[in-house]
Structure formats: C-alpha cells, structure tokens
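Subject: Model handover

Hi,

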Amino acid sequence: LFLSYGTSSNVHSFLIVFGFVDESMTECFSEITFPDPSDRHKAFGCEERAIMVFSCADGSMTSAVYDSVLYDVLGKQHQPKEQDAFYTAHIREDLETMDAMRRKYAGSVAHVIRNHATSKLKELDLKWKRIEELRAEVSLDCDANPNLEVIARHNSFLRGVFLKVKAGVEP
C-alpha cells in the first residue's frame, strides 16, 4: 500500500492541507522563480517545481536550479552569445561545454543563490519573531492556536535547509 500526499518537494502543502510537516523529506522547493521566462529558459526546467529543488540533507541543488540561475545570470550580464552557447549545449546534451560554462560563472551563480538563501532566512527570522509573539500571547490559553507548534517546526525545518544552501555556496 502506498499513500501519496502530493508533491514531495513542497513542504508547505503538508502544513496547510494536512496539518503536519514531513521532516523526512529529501528535497524542498527552492523557491527560486523567474518572472515570465522565455521558452529557452523553460527548457532548463525553471517552471517545474518538482525539479527546482534543494536537498534537505545537505543544501545542494539540482542541475535545473543551477542551470536556470546560470541562464538568467548570462542574460542579466548581457552575454547573449554565452547565453546562446549555454542553451545550445543544454539542448545538444553537450556536458563538456555546459560544465565549462558552469565553472566559468560559478561565482556569479553562487552569488545569486547566496542572496536568495539570505533573503529567505530573513523572511523566516521575521516569521519566527511572530511565532514567538504568538507563543507569548497564547501561553495562558493553549487552545488559542493549536497549529502554532507545527508552524514553528515548519519554520525551523525550512531555516535548516536554507542555512545548508547558504553554507554550500559560501566563498
């Protein structure tokens, strides 16, 4: 018997729909999104939540995350030839060219991922402060917010993942 609760990389759905957090998840949605990506950008998987993930164990990222960020970086750095070359290598499955470009722009990609993780950690810190405020308010009435501890565990779980992501891209 196999019971599926849905997308295994989206911890939020467990919290909202089922009222618990699956802390045994192996992957977590990276929360990296690109507004209005081109078809070429989509070819790297930037719109597929199931592959735009970080490892919960060590904070590593899938090639979809890395390559989507790299493709975006090349566009923002006004490197159309490099962006075209990276896209062509991806479509042709030319791993040698892709790896060379990944190495060449590793610092730029790490910078973007580090900033993203830092931003998410700041958001989670603000949410943690609110959790602490709510805990103080409900200390006399434990039934006031029965999901508060689940929300706190969820926040802690995500914080742990993003700390690992950040550590993995530190210089």
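In helix H7, the buried residues are Leu148, Val150, Ala152, His154, Asn155, Phe157, Leu158, Val161, Phe162 and Val165. Buried here means under 20% relative accessible area, exposed means over 50%, and partly exposed is in between (1.4 Å probe, protein chains only). Helices (H or I, at least four residues) and strands (E, at least two) are DSSP runs, numbered from the N terminus. H7 covers residues 148-168, 21 residues in total, and reaches 30 Å from first C-alpha to last, close to the 30 Å expected at 1.5 Å a residue. That expected span is 1.5 Å times one less than the number of residues in the helix. One member of H7 is phenylalanine 157, which counts as buried because its relative accessibility is 12%. Phenylalanine 157 and cysteine 56 sit 101 residues apart in sequence, yet 8.7 Å apart in space, C-alpha to C-alpha.

Some housekeeping: this is a predicted model, with local features needing pLDDT of at least 70 and side-chain atom pairs counting only at pLDDT 80 or more, while totals for chains, interfaces and linings use all residues. Residues are numbered from 1 along each chain as its sequence is written, and side-chain values use heavy atoms, with hydrogens and water left out.

On the overall layout, the protein has seven helices and two strands, and the pattern along the sequence is α-β-α-β-α-α-α-α-α. Of its 171 residues, 37% are buried. Contact means heavy atoms within 4.5 Å. Among contacts with a separation of 6 or more, 60% are between residues 24 or more positions apart.

Now the core. A nonpolar core is a set of buried Ala, Val, Leu, Ile, Met, Phe, Trp, Tyr and Cys residues joined through side-chain atoms within 4.5 Å. The largest one holds 36 residues, and Ile32, Phe86 and Ile113 touch the most other members. S1, H3, H4, H5, H6 and H7 each put at least two residues into this core, with H3 giving the most, at eight. Leaving out residues up to four places away in sequence, phenylalanine 86 touches Phe44, Asp67, Leu70, Tyr71, Leu74, Met98 and Met101.

H3 itself is mostly covered, with ten of its 14 residues buried. Those are Ala64, Val65, Tyr66, Asp67, Ser68, Val69, Leu70, Tyr71, Val73 and Leu74. H3 spans 20 Å from first C-alpha to last, close to the 20 Å expected at 1.5 Å a residue. After H3 comes histidine 78, with a positive phi near 55°.

The largest pocket has a volume of about 270 Å³. Of its 16 lining residues, Thr33, Phe34, Asp72, Lys76 and Val112 are the closest to the centre. On a 1 Å grid over the protein atoms alone, a pocket is an open set of points where a 1.4 Å probe fits, with protein on both sides within 12 Å along at least five of seven lines; lining residues have an atom within 4 Å of a point. Grid points are joined across faces, edges and corners, and the volume is the space filled by probe spheres set on the points. H3 (63-76) and H6 (106-138) each supply at least two lining residues, and H3 gives the most, with four. The lining divides into seven nonpolar, five polar and four charged residues.

A few single residues to look at. Lysine 120 is in H6 and counts as buried because its relative accessible area is 13%. Beyond neighbours within four places in sequence, lysine 120 contacts Glu31 and Phe162. Glutamate 31 lies in the loop between strand S1 (27-29) and helix H2 (39-42), and has a positive phi of about 65° although it is not a glycine. Serine 30 is in the loop between S1 and H2 too, and is buried, at 0% relative accessible area. Lysine 120 and serine 30 are 90 residues apart in sequence and 9.9 Å apart, C-alpha to C-alpha.

Cheers

Definitions and conventions: Ala, Val, Leu, Ile, Met, Phe, Trp, Tyr, Cys and Pro count as nonpolar, Asp, Glu, Lys and Arg as charged, and the others, Gly among them, as polar.
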